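Colleague: Please take a close look at a single chain of this assembly. I would like one connected account of its build, its surface and its neighbours.

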Amino acid sequence: EGQIEVLHHWVSQSEVDALNVIRKELEAKGFEWKDSAVGGMSGANAQQALRSRLTAGNPPGAMQFLGWEGVQWAEQGVVRDLNDLATAGGWREALAPQLLPFVTSGEAFIAAPINMHRQNWVWANRKLFDDAGVAVPKTWAELIETGKTLKEKGIVPVAMGDEPWQIGIIFDALLSDINGPEFYQKTAIDLDPEALGSPEMVKVFDMLREVRGLVDDNFVGRDWAVATGMVINGEAAMQFMGDWAKGEFLAKGLKPNQDFYCFATPGEVNAFQYLIDSFGMFTVSDETVQKAQVALAETIMDPKVQKGFNLIKGSIPARNDVPVDDFDDCAKLGYHERAAAIEKGSMQGAITHGFAAKPEFASVFSDVAAQFFVGKMSSEDAVKMLVSGIDNAR
Amino acid sequence: MSTLEIDRVRKAYGHLEVLKEVSISIGTGDFLVLLGPSGCGKSTLLNMIAGLESITGGEIRIAGKTVNDLSPKDRDIAMVFQSYALYPTMTVRQNIEFGMKIRRIAQADRDRAVKTASDLLQITHLLDRKPSQLSGGQRQRVAMGRAIVREPKLFLFDEPLSNLDAKLRVDMRTEIKRLHARLGTTIVYVTHDQIEAMTLATRVAVMKDGVVQQLDEPQAVYDRPANVYVARFVGSPAMNIVPAVLEAEGSTATAVIDIARRPAARIAGISLSAEALRRYAGRKVLVGIRPENFSIATKSAASALTVDFDVVEPTGPDTLAVFQLGGVEVTARLPPRQARAGREAALAVDTSKIVLFDSETETRID
Amino acid sequence: MSTLEIDRVRKAYGHLEVLKEVSISIGTGDFLVLLGPSGCGKSTLLNMIAGLESITGGEIRIAGKTVNDLSPKDRDIAMVFQSYALYPTMTVRQNIEFGMKIRRIAQADRDRAVKTASDLLQITHLLDRKPSQLSGGQRQRVAMGRAIVREPKLFLFDEPLSNLDAKLRVDMRTEIKRLHARLGTTIVYVTHDQIEAMTLATRVAVMKDGVVQQLDEPQAVYDRPANVYVARFVGSPAMNIVPAVLEAEGSTATAVIDIARRPAARIAGISLSAEALRRYAGRKVLVGIRPENFSIATKSAASALTVDFDVVEPTGPDTLAVFQLGGVEVTARLPPRQARAGREAALAVDTSKIVLFDSETETRID
Amino acid sequence: MAEALSRPGKARLGRLFVYGCLVVVALLYLMPLWVMVVTSLKPLDEIYGGSFIGVPKVVTLDAWRAAWSEACIGTECTGLKPYFVNSLLMVIPAVALSTGIGAINGYILTKWRFPGANFVFGLLLFGCFLPYQAILIPMARTLGLLGLAGSIPGLVAVHASYGICFTTLFFRNYFVSLPDELTKAAMVDGAGFFRIFWSVILPTSIPIIVVSCIWQFTQIWNDFLFGVSFTSGSSSPITVALNNIVNVTTGRKQYNVDMAAAMIAAIPTLVVYIVAGRYFVRGLTAGAVKG
Amino acid sequence: MSASTRMSSRLAGWLPRIVVAPSLLVVIVTVYLFILWTGVISVTSSKFVPTYDFVGLEQYVRLWATPRWHTAVANLFIFSALFLALSTGLGLLMAILLDQNIRAEGALRAIYLYPMALSFIVTGTAWKWIMNPGLGVQKVVNDLGWTDFRFDWITNPDMAIYTVVVAGVWQSSGFAMAIFLAGLRGIDNSVIKAAQIEGASLPLIYRQIIIPMLRPAMLSVIVLLSYIAIKSFDLVLALTNGGPGTATELPSTFMFSATFRRNQMGVGAASAVMMLMTVAAIIVPYLYSELRSENNG
Ligand SMILES: Nc1ncnc2c1ncn2[C@@H]1O[C@H](COP(=O)(O)OP(=O)(O)OP(=O)(O)O)[C@@H](O)[C@H]1O
Ligand SMILES: Nc1ncnc2c1ncn2[C@@H]1O[C@H](COP(=O)(O)OP(=O)(O)OP(=O)(O)O)[C@@H](O)[C@H]1O
Ligand SMILES: [Mg+2]
Ligand SMILES: [Mg+2]
């Protein structure tokens, strides 16, 4: 009945499999899915491709949005308003209120969210924990102690790579875990200069330095999946990574809580740092494409599709009202902690994946954290650098 | 009617005047040689005749028709270049045919023309070779073949022999001369080699700095050069130019020349017009004596010069002896074995061949 | 004692024999010219003397010492190359100094040597220029300067003049000759220009295909060439080689030569050894006559040839006349204005200068 | 010029040293290729098991097969095959166009010099040194206006226009050394502007055509930036597909497939270099390098 | 003469200009107009998409206040200098060695040249492994018994830029080699013979005579390599992705991420203008001298 070109940056096996759930459903409705994948650089390549195409006046029918992208495009007036569909489908009610800033622009509803990842997970090898006689840490201090214990036994306590986003995951978690969600709100989202320059921030960096002590020296250029492999193989004990890492454990036939632990980064208030993937539709003149856009949006928001998609992707549905009974334990844990976090206001967007401050600021956070982590900068210098960097980007 | 008229032609590159009011005109069947040192504008003039350079001023007429604005292909000319400019990727036959092909001449006619030209030039056996497989002389012939098949009103040659070695140059020179005799076409030929000019030309234009110094028959240029420049340029070894003081002796003149460590030499019996004789008597002049006009003096000879030979160079048929005369170095061409370096010798001069020049303007005195 | 001895030297590149048992020996102060056409192995031989090519067989001795295995720098030689091989990035001074610097000669001595050489060659004002800023003749002088400062036992020159234009070539030739006279060093000089060989050499080695054809004084090579090849190669225009039948007439020989459409010409009074006369009487020989040995016959002359001039080329001092004799083309060098193309003329021959060759082996008959 | 230096008897040791150096450097240069080859022949588990640069325990061509015809690029699991074809469709016209235009520009700038020709050449040349990241957006706009956005013809146009700068440089430097007399002779023979170019100049320029083609081929074939910016989905060139295979963010990397894919993507350029490498150096001597 | 022939000859005079005009037009648009556009954007407040409001030099001020840009500029100088020196040196050395009548010259040349043919998207991974202390060279050498051997630059922010240099040299020195080889092949044999006769040793001949004579080739190499250095983008992304931290940022990666990742199009444009000015500072004098010397010669 119509064809729609979808531009996205999902190219790995599990991502593509998940995407095929949507594709099949759409094709069942009689619409053709034209795939435009541009992988790499956390979606920056796809962003750049999109920008070229919009500049050329040749937008794709739909585009996968990450962070503020959708909103920003909507402000340029190139995104189709799906408000009618949203109202009819009760989408607003089905989503956490924290998500709305990323899928609406003024009155308009601009993107259909498919899934939600939690970024601040810790993945741990249970056998190593047991052998060392350590338990799941409840605070960062404990976590560091645990790490040191493991290190003495010749085990790499934390497996990770040196990419800024991998470092950013830890930084984001620390920001909330050490000083609480309000502090996270003030710094990562509101960019309050006072909070950014406060002694609390220094503590965050101090702790980050401690974490660095738990990482081996060969972490440069290491892929996150390789790091996960180290945890699975028992070379390393823990990894800080979003829930996409889970797929690696499951693929090896390992069972949550039996073979490996999944737990949130420790904090007084349990933070839930999320990121969502959503699909926005661009304003196009071709009517068949317009029809396909409607169909695609409805497919994405279909609870059945959300479930099927997320079972494969390892994330949880963006909709709050999709039951997760068939999901694994980690997903269930996440699902329940989300509900709690929404209550407590500790469900917050992850800076690193662009769900807190706008990109120009977010990149300052990750620049500073990354430079700090790999170098020998003092925490005070890092804080100063952060404050001036944010100022400069304003 | 003259085939080529060059009428007060000028050429400037920006502010640089390369040709200054050049006027030359030659008739049908003439062989004009443009002779001059490197950079004097010979090639530029030839290129202007060919239509390969624009004309800054003046007019060029071929067969009476002004060609200033005609493109090369419409001027009915053919040209042979110094480097031959054979098309390296084509065979000899294709090279020769190329111009005819462009003018859409039928295959049969083309074949005939190639046959005639290649027979004439004895390159028939080379027709299927590439230029890179030819020797210098063969290439030269192919280049001529390419020109001949056009049957143009005017042949232009730009130093066609200067890339050949000495031996071959002499042979090809004779061949060009013979070709000219056979075809009877008008030729304009550029060279800086005076020997080529002398042997080939029916008319020689000696050029210097974009100005024609003398336009005349070759032997006339040799015997009665218009000025010291021409005198020195034409002939090898060059004409000796010796400063002297002129004395009138009856209706003839005597040149008095200083010789180091000896009494001054006197060359008597130089014929001169009465007016010139009056004007120059007692004044400084330049005496021009060609090397071959010296000879070993028989003991009795009156006006013999006694000189010391400096360097002696046997060339085979002759011996060149170098000595000092009037403060300058002078070369004499003598028969073999008659001179020895470091020896004193008495030389006679053929006074009828002597040329005199004004010592300031350096032009010939008649 | 001879300065350079080349003793049955051979050179092969793989199976290609480039030099075949070459033996030459010259004394101190000699000027040896290796003369031959392109590809005959002249440069190869020179490079072997210099030590730049290995020796396949035989021996080379410099000042009595075998140098076969010595490296170039230990042979006490200096070399001037055809392309001059100046170091383009160094100034003239640095070029000249380079070799001395390598031999760690003190600055003061170097300066003195450069001064002497550059004064001698008149290049003092050029010392701070780069080679690219010099004219051909100036480069040539710098290359010589570089050789001179070494004060070697032996100078080697590889066609040092062939890159210069005709005029300059003549001048530089005289300069080299003068230099040799002044320095008195032994020189080996390669050229394919016979005029250079004639004017410069004290000894000429004419080569062909890696074999020395004749080694002698230049005038001897000119007057009494060892074979037809040498006769043709030395002298320009080349010696005329005319087939004839020899008849004995008393103690002298007469050559009978066919002339087209006329009675056979007889050149009488050729002197020959009694034995040769006996051997060749009645047989075919080749008669060698240099162009300058013809002259316009006075009417009374007995052995005058009557010929028809084909082409006439005035060169200025002389006129070259081409005609047919004994079935071949013959050139005569005559005084100017004495010949006209298409005219009949009577020519006399200087029989004392005639050379005879065996018609099969092409070697000279004495 | 080397033969002048190789003196007989002068130390076999020196030769040995020269060969030694060359071989050592060659081995160092081959190291990454070695890593790529062995990785592509290993099963994925062996790699994740920690064997990165060692010799494979099990040799399998699965990765190559996967890369060529099975690997998923987005949701289309076609392998590199169709993109390989895309790249060919792009590279051939782009190389031909830029080389052709460069040749004719070089011809004009040397044989038909007009006032300001050098300035024109300078203008063209500066284009070689443009950082392409800076011009993506205006180029996208231009392509959009021309209706070439998102298509292979559009990409061909982009590559051809920036290629002109390089090819003009190559051809100009080459043609400068061809004697002007060749053109003059052809003019006297009656040939016109295009005829001279086609019949006389072009046949003599084979070496520089080779250089130009090699250079352009490599540049265009390996380009990623323009490919990702100005094409989409199934019209992408192979580098974009390769990137999609290689640049996995939140999934697991299939290193063996990555390496196999990389080598498949590199085969045409490697072949070009190996087959035409000799002409490359010769052509460089002839034109691209001055002096 | 007829007016039409005059017309046609006049047309013939214009033909070259007419033929070259389209290329010129294309280049004027795609190079100069686009540069102009970039220049304009750099003085606007453009962030996400181009906006056309004049804000003066604000973006430049911002650019120079960004530590990451300072890193990028400093890296550019370190990288360019080392990359140029090493590629040129190594290229020259290989060219000289290859010029000694080497038997397998063709094969060796192909080996030195092949890195030019490969896209760095993937060779970057191979290099990453080779330089990783736990996987690559260091591990191999350690396993061989030299346990003290360290080659862990890639993990060290102060040294990481040198790994980019190593990979860059690997990729480009073959090209330098090809140009030098071409230059060497053009040198007159007899110059070397002359020096030999004067007693110069082989190293001396190379140092004092041949290498100075390679000046034109050297100039070409340096210009082309500086252009590669300034444009290096794939290299950094694939090898270190700018890391560790931001230690290996270069202006080209900075420009890209400012424009496409950080939504600071104005800053990106400003950095592009800075880059273009650097390029022009190198290239324009070179072009000028090249074209001028040609006119004189
Ligand atoms: N395109 C040009 N622009 C500027 N000057 C030029 C140009 N072409 C030639 N000239 C100058 O014009 C003068 C005459 O050049 P031309 O080529 O006619 O000399 P020539 O007599 O043929 O010399 P040669 O014997 O060296 O060929 C020279 O001084 C030359 O430098
Ligand atoms: N390296 C080589 N390998 C094989 N043959 C060679 C080599 N060098 C020279 N030859 C051959 O040796 C012969 C003599 O060469 P040589 O250079 O000595 O000639 P030449 O007399 O100097 O000629 P020219 O006057 O052209 O310089 C030639 O036939 C040439 O082809
Ligand atoms: Mg000329
Ligand atoms: Mg030679």
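This is a predicted model: local features need pLDDT of at least 70, side-chain atom pairs count only at pLDDT 80 or more; totals for chains, interfaces and linings use all residues.

Modeller: Chain A and chain C do not touch. Their nearest C-alpha atoms are 48 Å apart. Contact here means heavy atoms within 4.5 Å. Chain B does not touch chain A either, with nearest C-alpha atoms 47 Å apart.

Residues are numbered from 1 along each chain as written, chains are lettered from A and ligands numbered from 1 in written order, and side-chain values use heavy atoms, without hydrogens and water.

Now the fold. Chain A holds 18 helices and 13 strands; these are DSSP runs, helices being H or I of at least four residues and strands E of at least two. Its radius of gyration is 21 Å, close to the 21 Å that the globule rule gives for 394 residues, so chain A is as compact as a globular protein of that length. The radius is taken over C-alpha atoms, and the rule is 2.2 Å times the number of residues to the power 0.38. The C-alpha trace spans about 65 × 50 × 40 Å along its principal axes.

Inside, 65% of the 394 residues are buried (under 20% relative accessible area, 1.4 Å probe, protein chains only). Of the contacts in chain A with a separation of 6 or more, 76% join residues 24 or more positions apart.

How values were computed: Buried means under 20% relative accessible area, exposed over 50%, partly exposed in between (1.4 Å probe, protein chains only).
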